[in-house]
Amino acid sequence: MGKLLFFAAIGYCLFVDLGISAGQWYSHEVAFSDWRNIPPVDYSTNAPLSAWYSGHPAKYFRQENLQQFINEPDTVTLGIDYYAFYPISCNLGSRFGAKWEIDTLLHGGVLVAKSFHGKFIIHKER
Amino acid sequence: MKLKIIIVSLITLVAGYLRFHGLGANPLWVDEAGFGFLVQQGGNQEFIPQWFGQLFGLHSEFGLRFLPALCGTLTVPAMYLIADKYKIESALFVAVFPLFVFWSRMARPYAVAGFFLVLSWRYWWMMIPALLTTPIALVGVKLNKWALGLLALGFVLFLIRPDAFRGWSLLQLGVFSRFWYLPALTVILYITKWESFYSSLRSDIVSLWT
């Protein structure tokens, strides 16, 4: 009986492992977003990744930077990923109404928005 | 015995497939990007993977994840060698357990540390008191063929890629890596026969007092 349970557990593990290589498992604990080929942005909900893939540093879009973001004198660009649904990114995702915007973020996509004094124009990048 | 080796080899192949299949396909996760910056710019963390990445100039998704995947795969035969009982079952468990597979596919140091932990499992319990005073432990490394080989390898690697060692200092090696890579250090101490050398050194010191 013990052996049977052991091999059943191994079978279950293999089943879960297939999800890992497909990038599914753990996807809500660690947010994977595809920042490859995203242009440089001024602000980002995921500053390390946007800096890594674009080669240009970005400021974090977080509560402590929100006023600075709104008060920027010119139009600024903002990279948005799954972290937009986190409180740490000011729950920015809750402002999105269009299904494609939410779907993009939920499925590892990245949106790039232009913003002037906190008003957004969003377009899908990936 | 031969059959067991074949079985462990097959399990290791499965582990390798689970860890290397499509390794570079997914984009980096935020913490992996942090590790990528450590490799690019240097820093005080994750010494062995960081150094490996700097040495071979690894910056792609596959490259940054290569060492954890390799160590995660090698942990399977290591577990077989170390375990007293249920050797094949232990190896199989390590090969497929999702948490081990997941962290072996990330550019994070946990699978590397886990590999050394398994290798040094028996040895490091008796090493802990000594390693808390690392300078004493390092004094006891015997200059046998393994120790000289490691020193020679380090020197050759330094000549090949001196930039891979930028930002390193004795303080960083002594403080930061001591806790993270304690198991790795115990492996080095083990192959350099530190224990017997330290014992004889200690008895010599005691005999000086008596």
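Q: How many residues does the contact take from chain A and how many from chain B?
A: This is a predicted model, in which local features need pLDDT of at least 70, side-chain atom pairs count only at pLDDT 80 or more, and totals for chains, interfaces and linings use all residues. Residues are numbered from 1 along each chain as its sequence is written, while chains are lettered from A and ligands numbered from 1 in the order in which they are written. Two residues are in contact if their C-beta atoms, placed from the backbone, lie within 7 Å. The contact takes 20 residues from chain A and, from chain B, 19.

Q: Which element gives the largest share of the side of chain A that touches chain B?
A: Helices (H or I, at least four residues) and strands (E, at least two) are DSSP runs, numbered from the N terminus. The elements giving two or more residues to this side are helix H1 (2-21) and helix H2 (47-54) of chain A. The largest share, eight residues, comes from H1(A).

Q: How many nonpolar residues does the side of chain A that touches chain B have?
A: Ala, Val, Leu, Ile, Met, Phe, Trp, Tyr, Cys and Pro count as nonpolar, Asp, Glu, Lys and Arg as charged, and the others, Gly among them, as polar. On this side of chain A there are three polar and three charged residues, and the number of nonpolar residues is 14.

Q: In what order do the elements of chain A run from the N terminus on?
A: Chain A has four helices and five strands. From the N terminus on, they run α-β-α-β-α-β-α-β-β.

Q: How many other C-beta atoms lie within 10 Å of Phe85(A)?
A: Phe85(A) lies in the loop between strand S3 (76-80) and helix H4 (99-106) of chain A. A residue is buried if 20 or more other C-beta atoms, placed from the backbone, lie within 10 Å of its own, exposed if 12 or fewer, and partly exposed in between. Phe85(A) is therefore partly exposed, as its count is 17.

Q: How are H4(B) and H7(B) oriented to each other?
A: Helix H4 (residues 61-82) and helix H7 (residues 110-119) of chain B pack at an angle of about 20 degrees, with their axes 8 Å apart. Axes are lines fitted to C-alpha atoms, for helices over the stretch in contact, and angles run from 0 to 180 degrees between N-to-C directions. Angles under 35 degrees count as roughly parallel, over 145 as roughly antiparallel, 65 to 115 as roughly perpendicular and the rest as oblique. H4(B) and H7(B) are therefore roughly parallel.
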